[in-house]
Every structure is written in C-alpha cells, then in structure tokens.
Amino acid sequence: MVVLDVSVVNVALPAIQSALGFGDADLPWVAGAYTLAFAGFLLTGGRLADLRGAGRICTAGLALFTVASLVGGLATGPGLLVAARAGQGLGAAVLAPATLAVLTARFPEGPHRTRALAIWTAVSLAGGAAGNLVGAALAELLSWRSILLVNVPIGAVAIAAARRLPAGERRAGRLDVPGAASATAGLALLAYGLMQAAPRGWDDPVTAGALAASAVLLAVFALVETRSAAVPLLPPRLLRLRAVAAGNAVMLLTGACFQVPMWYFLTLYMQDVLHFSALETGLGFLPHTLLTMAVGLRVTPRLMRRLDDRTLIIAGALTAAAGFLWQSTATAASGYAGGVLGPAVLASIGGGLLNTPLTTTVTSGVAASDAGAASGLMNTAKQAGGALGLAALTAATAGRGLAGACGRAFLVMAVALVAAAALSLALPARRDTA
C-alpha cells in the first residue's frame, strides 16, 4: 500500500480534477502532498520504531494510513483530499521503516533474514510498478474514489495481522524533537523545492527559497545530532559504518532511477508516444512487476549464498544500466516489444538482483537499538533519490519532444547506474552462509 500509493493516483488525476474542481495549478498536490509528508517524516518514523517498539509503531502507522485513505476516498473538496493524502504520507513514513525494523529484529543476519528482506524488497518494487495498473483498472472499472477506498479493507486485515506481532521493546529516552522538527521541515522543503523546479525553474524565488531554507534546516539538524541530542534521531555512529554510509549513497543513485523517474518517463512514452490508453499503460508495466518479483524472490536469495553482496549489486546495476541504455533508443516506431518489453527484461533483472543485497548490506552490522533509524535513513535515501532524480531529469529534458525527452532521461539514468556500480566498490564484501 505504501509504495503503490506513490503512483496509484497518477492516471486518475483528470477524473479527480473534474469531480472535485481542482485548478490546474493545484492538481499536482494530490500526488505531491503524499510525497512531501512521506519524505519529511521517514527519519522520525524510524526513530519512533526504536523508542516505542517496531511492532507497536507498525500498527499505529497502518491505522493512520487506513483512516486517511477512508477520508480521502470520501472527500468532497480539494482541501480535504490533499489533507487526506498528506495523512496517508505521514502514516506511510511511520509504517515503512517500522516494517523493516520488525524484520531485522526478528531475523538474525543470514539466509533467513535475506529471504525476509527479499520479500520486503520485491513487494516494494512491484508495488511501485503496479500502481499505474491498479490505479487505471480501478478508475476505469469503478471510480477514482475506489483507488483510495480499496486501502480500507486491506488496511483492516493488515492491522489485525500486525496486532499479532510482538509490540517491541520500549527504550529509555525521548524522541529528539529539535532533530525531528529540523529534519522533517528540511526534507519536506527539499522535496517541495524539487517539485517546483520543473514548473517554475531553478532560479524562481519560490524554488530557490525552499531549497535554501532546506539547506539551512538540514545543517541545523546535523548540528543537533552531533552536539546536543541525548538520543539522536540519526545517530552519528551509524554513518561511521562503511556499509551504511556507502550503501545509502548507492541507494540514493538507484532510487533516482528505479523509483518515480522510471515510472514517470515510461508512462509518458507509452501514453504520449505509443498512444496507449491508461489501462493499456498500466498493463504495459506488468512485465516489470512480474519479472522483478520473480528475480528478487527466487533467484537473488540463492545467488547471495554463492556470491558476495557487492558483486550482485554491481552486476545488477550494470544489467539495469544496459536496459535503460536500450530504452533510451526507443522511438514511436519501436512499438511495445522493442520500446518497452525488451528493455524491461534487462532493467527488471538488474533491479531484482541489486535491491535485496543492497538492503541487506545497508542494514547489516546495525545494533537492534538503531534498526529503526537505519531503516528510516535507507527509506529516506530511496525517496530523496526519486525526488532528486525526477527534478534533475525533468530539467535536463526540457524543450525536447516527448520521444527525445524520454530518450535523454533514460540515457542519464543509465549513466547514474554505472556510477552506482562504481560507488559499490566501496561497500564491504559480505556473503550469506547457509
């Protein structure tokens, strides 16, 4: 639900605009409110899982997400829908790192944890790719409201299941409120500034002001964490771990390719270059979903017993880079087979190969008391990578035709993945033992 809801509303935006009377300038907030709240609160959500118990926080995040989905599905005006989407994003920011903290606390490092993280990673990757298909199918067969209301019964079942989890240990210490406030505001302003860069330009006062304020607040956050926080939101000791520091840098680069940018530019290519309908576009993403899950769940855990994680991360990044390079050559004459399906095979195999070992590496060697913080940092790197990547790619492709813009975007993504492979050489070599 968390990852799917990043993209699920995209294909229904015209229907939402017509039903609720959104202005053109306000419509992007249907998606943007979720992204802002999600990006801004991830570090806080991760640390809450450490202090109040991952199982307990997981259930609370599910409840908030489900209630916000109900409010959004019943919204009668633009303001209420945007507020509900922000509530969903806040629930997601609490839930996402808590789910990962539950897994790392439950399973010690080794094959069992690898299997659990493979499922977690594959579901998150598939959820993003499936968002367009689910959104298109629900909007076409039912209505745009069903896109949000479908989360209510799913959330109810998930809450019932989550209540069976151990609540988790309550640890001494209070939440680092100054750190949480500066990190949340800084990350939210960073996401907002990046969102405004495409329509307004990088030199627009709103864009520049948001990015400058973000830089100041994130600098304040760094000072709070290193100088005054009794229980830091992001413990500096985490960044002294080579796997965490280098791993999150790689996560940032891969997030700039596999997260929102890939879905955004592929949607543009299929709808505006190949002239697919919304439902056909959603179905066009099905190979990405199925192949990523198949590789991530069945192939990668077995390979991790024979090869070290660093080798798999590099191989996956280079394979996906080849897929994006192929995608960059697609034109209107390429059709679906040559313009989407062929590149999807390489990109999905690469994504399926690299994401589980990268997640395992980033969370390895982390003390149980810092599991939530490490999870929040990893999710923040992934989401920030998506926002940064989309803003940079949109700026880099401005003024080109649709096919040319998509081609340039995927070429840049291929280069970014080669850079991620090179940066992965700094990761420690580790292998699961049977």
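Biologist: What is the handedness of the crossing of α16 and α17?

Modeller: A crossing is left-handed if the near helix is turned anticlockwise from the far one by less than a right angle, and right-handed if clockwise. Here, the crossing of α16 and α17 is left-handed. This is a predicted model, in which local features need pLDDT of at least 70, side-chain atom pairs count only at pLDDT 80 or more, and totals for chains, interfaces and linings use all residues. Residues are numbered from 1 along each chain as its sequence is written, and side-chain values use heavy atoms, leaving out hydrogens and water.

Biologist: At what angle do the axes of α16 and α17 cross?

Modeller: Axes are lines fitted to C-alpha atoms, for helices over the stretch in contact, with angles from 0 to 180 degrees between N-to-C directions. Those of α16 (residues 309-327) and α17 (residues 335-363) cross at roughly 160 degrees and come within 7 Å. That makes α16 roughly antiparallel (over 145 degrees) to α17.

Biologist: And which residues have the most contacts inside the largest nonpolar core?

Modeller: A nonpolar core is a set of buried (under 20% relative accessible area) Ala, Val, Leu, Ile, Met, Phe, Trp, Tyr and Cys residues joined through side-chain atoms within 4.5 Å. The largest has 66 residues, and Val 2, Phe 38, Tyr 269, Phe 324 and Met 413 have the most contacts inside it. Helix α5 (residues 78-106) gives the largest share of this core, ten residues. Another core, of 17 residues, lies apart from it and includes Leu 20 and Leu 138.

Key:
Helices (H or I, at least four residues) and strands (E, at least two) are DSSP runs, numbered from the N terminus. Angles under 35 degrees count as roughly parallel, over 145 as roughly antiparallel, 65 to 115 as roughly perpendicular and the rest as oblique. Buried means under 20% relative accessible area, exposed over 50%, partly exposed in between (1.4 Å probe, protein chains only).
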